[in-house]
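User: Could you take me through the place where the ligand sits? I would like a close look at that one part, with the cut-offs spelled out as you go.

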Amino acid sequence: MKYYSLNKKQHKVTFQKALISSLAPDNGLYFPKKITPLPYSFFETIEQLSNEEIAFAAIQQFIGDEIPETNLKQIIKETLCFEFPIVLINETCYSLELFHGPTMAFKDVGARFMSRCLSYFNQHNAKTTTILVATSGDTGGAVANGFFNTENVNVVILYPSGKVSDFQELQLTTLGENISALKVNGTFDDCQAMVKKAFSDIDLKYKNLTSANSINIARWLPQMFYFFFAYRELKKHNKSIVLSCPSGNFGNLCAGILAKKLGLPISHFIAATNANDTVPRFLVHGEFQPKQTIATISNAMDVSNPSNFIRIQELYNHDLNTFKKDFSAYSFTDEETKDAMQLLYKNYHYVSEPHGAIGYLGLQEELKKKSDSIGVFLETAHPIKFSEIVESTLQINLAVPEQIESIMNKEKKSIQIATYDQLKDYLLS
Ligand SMILES: *Cc1c(COP(=O)(O)O)cnc(C)c1O
């Protein structure tokens, strides 16, 4: 499969090249040249398929012959080593829990898939690759875990100082070995800007930099798997399905829309955001105008200039009107988010964390207009990852799961930086 850069469409590369370079030389995001819908029969019999079979069918065309079938199946098997339960909230509403992986966030899927693809391509290559990644919280942990002790790979994580939760910081800073954490005086967007700059810096060319942010196709594409899993579970209700995705950098939602392009019968998508509402405003005014990033209690979505939104527009040929038929966007304040967490807990005994609660709120808005539909929101992280806010909002104590318990007493190690030059010096040292 070939990928083109969204900046200059004639520049085409393989899956391997797109994975390794992350961004095209013209700084555009890579996008698959061709998207072939899956046959109707696939959806007719989807309930007979396992997660691994669904995933293989969905992603095979995007890899082509670059990874042999047996290796790709093994990569998928190792990626999907945990459950994706769909939990009933009430008659019309479900939660798709994506947090049962090793770092308890949905990003485990993309990070695990990408690290294994990179290992496959690196088998016969003794050069060291440096994964440079900006995180608003969960990416860093998932990437660190996914690439921990991978041969010939170093991981450098940039995270905004004081803007990630305590557990998230533990996950970023306690692994050591081939994983280093840089604590940046600034926001997630500042971290992301530094990463982008490093990629276009000639002096760093020989360092083989790769990104593991959702801009990387190998992280983005596998995220479509669980949209298919959700459909497999909800199909029996014979109702149209609305899916709400709490969104920050819009990689997750973009994967869902790709799944729809492949024929997945999800009738409507909701982008649910916190106060960083660039996309909801775009849908109203047709203008993409990022503002200064605002810090919220759903910090993994504190993104004002979502990188992947351009891919969503490409999936709709940049036609806002067709796009609006399939898509709505809503933003919510921290107060509304906390109210939703309390409502979910009081009425349905469901403990959600702020991101999932925003997904729930977005879904409720849309279901008001679509009384004959059922809906599912993505619960993107385990409540323990946001324990401070969950415990104070719900007045409960959360049990600490084993994935977190094992790192609680480890020492956090990170290096504080404030400028791009400090990042560069670090990478060159
Ligand atoms: C990363 C993240 C999001 C946002 O996902 P995007 O793909 O960037 O839109 C939402 N919730 C949680 C918990 C996350 O970690």
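Analyst: Happy to! A polar contact here is a pair of N or O atoms within 3.5 Å; within protein, one must be able to donate a hydrogen and the other to accept it, and residues adjacent in sequence count only if both atoms are side-chain atoms. This is a predicted model, in which local features need pLDDT of at least 70 and side-chain atom pairs count only at pLDDT 80 or more, while totals for chains, interfaces and linings use all residues. Residues are numbered from 1 along each chain as its sequence is written, and side-chain values use heavy atoms, with hydrogens and water left out.

Let's start with the contacts. Asp 138 places a polar side-chain atom 2.5 Å from an oxygen atom of the ligand. Backbone atoms take part as well: a polar one of Gly 248 is 2.8 Å from a ligand oxygen, and a polar one of Gly 251 is 3.1 Å from a ligand oxygen. On its own the ligand exposes 390 Å², of which the protein buries 97% (accessible areas by the Shrake-Rupley method with a 1.4 Å probe).
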